[in-house]
Amino acid sequence: MTVRTSAVRTRFAPSPTGYLHIGGARTALFAWAYARRHGGQFILRIEDTDIARSTPEAVQAILDGMQWLGLAHDEGPFYQMQRMYRYKEVIQQMLAAGTAYHCYTSKEELDALRAAQEANKEKPRYDGTWRPETGKTLPVPPSGVQPVVRFRNPTEGVVAWDDQVKGRIEIANAELDDFIIARADGTPTYNFCVVVDDWDMKVTHVIRGDDHVNNTPRQINLLEALGAPVPRYGHLSMILGDDGTKLSKRHGAVSVMQYDDDGYLPEAVLNYLARLGWSHGDEEVFSMAQFIEWFDLDHITSSAAQFNTEKLNWLNAHYIKLADDARLGQEIHRRLAREGVTETAQPEAASIAALYKDRVSNLNELADNAHAFYVAPHPSAELLAQHLTDSAKAALGDLRSRLASAEFSPEALAKTLKETLAATGLKMPQVAIPLRVVLLGQPQSPAIDRVLAVMGREEVLRRLGRVI
RNA sequence: GACCCUAUCGUCUAGAGGCCUAGGACAACACCCUUUCACGGUGUGAACCGGGGUUCGAAUCCCCGUGGGGUCGCCA
């Protein structure tokens, strides 16, 4: 099988140390969209070499998040822990080629070195004690010390690349040091694994977070030492919290699955994320199919973007209006079940969804509204006293007797309501509002005739009977 | 501290030297619609960080400040 090198291959490479948060989701979205846009492949790679912090639960959480968003990968997931043999093989090759070397400086010595440099207001870096140079005599390796392996980074010149979102970036090799590619226990480190993987997996476009800009020159040097092709890089700026401060576990960096819990539709989250830091003229609302058609790296904003829940809410409201009633009905059931409300056969959740879908901006809000149809509310005495006046009671009594034999369609019910108005001489709000309080426990609702029709004769009469 | 990135309405952004008396969207406010509350519709207010250049002309290019962010691990 031959791999067409011209084909675009992108990857999303999270480390499974927590859930998929909103920043990671956007990175995945952009890498996915780029591959889709160019008819290429999207690879999922799990960077689990930090055995102390990686967990299977986190892997599952990431997979769940990707699935909820609908970001399907074409290859993988590949697990770095399963590729150890390959990393070790490449390390041996580098040692043999002289592009890497053993270093016996201990952690303690390194800490001391770093502290001294910081005290001196210098940039902390490895001092090259064990770096082989022509004509240089290396110290004698101390006995009983397992060495780490360091990459022999070039000392002169600059590393430069045309970042697909930020433009040309140049970093002097003098700023870099000989970083560790294998620990004393032989396990490879991040920058090394990434390079070998991107090479082996033939990744053509590395689309990742801004926080990796400083890793890029090291990775390019490594790639070049290996004689591997250098992919194109595009660094996405960060997403800031709603208040403009950095997202963190404690502050706003919630799992994408939390958005599901919080009542957001995945298409709303996707549309919002796509538009956060990327634009296509004045387009605000678009499907993923449209996004894929339009997506490019040229129109990504290079500065950090602040998350705005208000706008997400607006998009969510929009997509709820568009959503299928049956699907929204399922969402109502799911969310009601979470609160222990399971006997929800009548009325049909889909018909309640139809009643509320263009007035709510959130699925939980939709479920809350549906709740009152299934579980009779207990309006407060205050609310009853305010709305259930003697004239209102009389009107409700009149309506109740008419409802006993009326047809339960919105049109017929509107007529029935008018008959009560004529009989009592009241205005619509004087009847409709007390009726809402009795039926739903609150003075506002969708058009009352539609509410009556959806609730059904039996339940309407039962609830009216409790107060009259 | 060093290095790197970045800077248009409150927020997300359009803008690739003249199309900009800076456009759109969310939010805000006003009005309309209305059987209540919403939804919806219409409209209003709201920005080129500062200073120097370059140019006939700069939001757009360059430099210097300042603000913001990132990175400096045998974490990823």
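**Rings, strands and an RNA strand**

Colleague: Tyr104 and Trp130, are they buried or exposed?

Modeller: Tyr104 and Trp130 are both buried, where buried means under 20% relative accessible area, exposed means over 50%, and partly exposed is in between, using a 1.4 Å probe on protein chains only. Please keep in mind that this is a predicted model, in which local features need pLDDT of at least 70 and side-chain atom pairs count only at pLDDT 80 or more, while totals for chains, interfaces and linings use all residues. Residues are numbered from 1 along each chain as its sequence is written, chains are lettered from A and ligands numbered from 1 in the order in which they are written, and side-chain values use heavy atoms, with hydrogens and water left out.

Colleague: How many aromatic pairs are there in the whole structure?

Modeller: A search of the whole structure gives 15 aromatic pairs. Rings of Phe, Tyr and Trp (its six-membered ring) pair if their centres lie within 6.5 Å, and planes under 30 degrees apart count as stacked, over 60 as edge-to-face and the rest as tilted. One of these is Phe30 with Phe295, whose ring centres are 5.1 Å apart and whose planes make an angle of 50°, so the pair is tilted.

Colleague: Where in the chain are Phe30 and Phe295?

Modeller: Phe30 belongs to helix α1 (residues 22–37), whereas Phe295 is in the loop between α9 (288–294) and β12 (305–306), so that the pair links distant parts of the chain, 265 residues apart. Helices (H or I, at least four residues) and strands (E, at least two) are DSSP runs, numbered from the N terminus.

Colleague: Going back to Tyr104 and Trp130, what sort of aromatic pair do they form?

Modeller: Tyr104 and Trp130 form a tilted aromatic pair, with 4.9 Å from centre to centre and 55° between the planes. Tyr104 is in the loop between β4 and α4 (107–119) and Trp130 in the loop between α4 and β5, so the pair ties together parts that are 26 residues apart in sequence.

Colleague: Changing topic, which ring does Arg150 lie over?

Modeller: Arg150 lies over the face of Tyr126, 3.5 Å from the ring centre. A charge sits over a ring if NZ of Lys or CZ of Arg is within 6 Å of the ring centre and within 35 degrees of the ring normal. The charged end of Arg86 is also placed over a ring, that of Trp199, 5.5 Å from its centre.

Colleague: And which residue in β8 stands opposite Arg150?

Modeller: Arg150 stands opposite Ile180 in β8. Strand β5 (residues 148–151) pairs with β8 in the antiparallel sense over two bridges, and two strands pair if DSSP finds at least two bridges between them.

Colleague: What is the order of the strands in that open sheet?

Modeller: The order is β4-β5-β8, an open sheet of three strands with antiparallel pairing. Because β4 (100–103) and β8 (180–182) each have a single partner strand, they stand at the edges, and one side of each is left without a neighbour in the sheet.

Colleague: Which residues come nearest to RNA strand B?

Modeller: Asp50, Arg183, Lys246, Arg359 and Ser445 come nearest of the 61 residues around RNA strand B, where a residue is near a molecule or strand if one of its heavy atoms lies within 4 Å of it. A polar backbone atom of Tyr190 is 3.2 Å from a phosphate oxygen of RNA strand B.

Colleague: Which peptide bond is cis?

Modeller: The peptide bond from Gly76 to Pro77 is cis, with omega near 5°. Pro77 is found in strand β3 (residues 75–79), and it counts as partly exposed at 27% relative accessibility.

Colleague: What about the phi of Lys121?

Modeller: Phi of Lys121 is near 60°, which is a positive value in a residue other than glycine. Most residues other than glycine have a negative phi. Lys121 lies in the loop between α4 and β5, and it is exposed, with a relative accessible area of 80%.

How values were computed
Polar contact = N/O pair within 3.5 Å; in protein donor to acceptor, adjacent residues only side chain to side chain.
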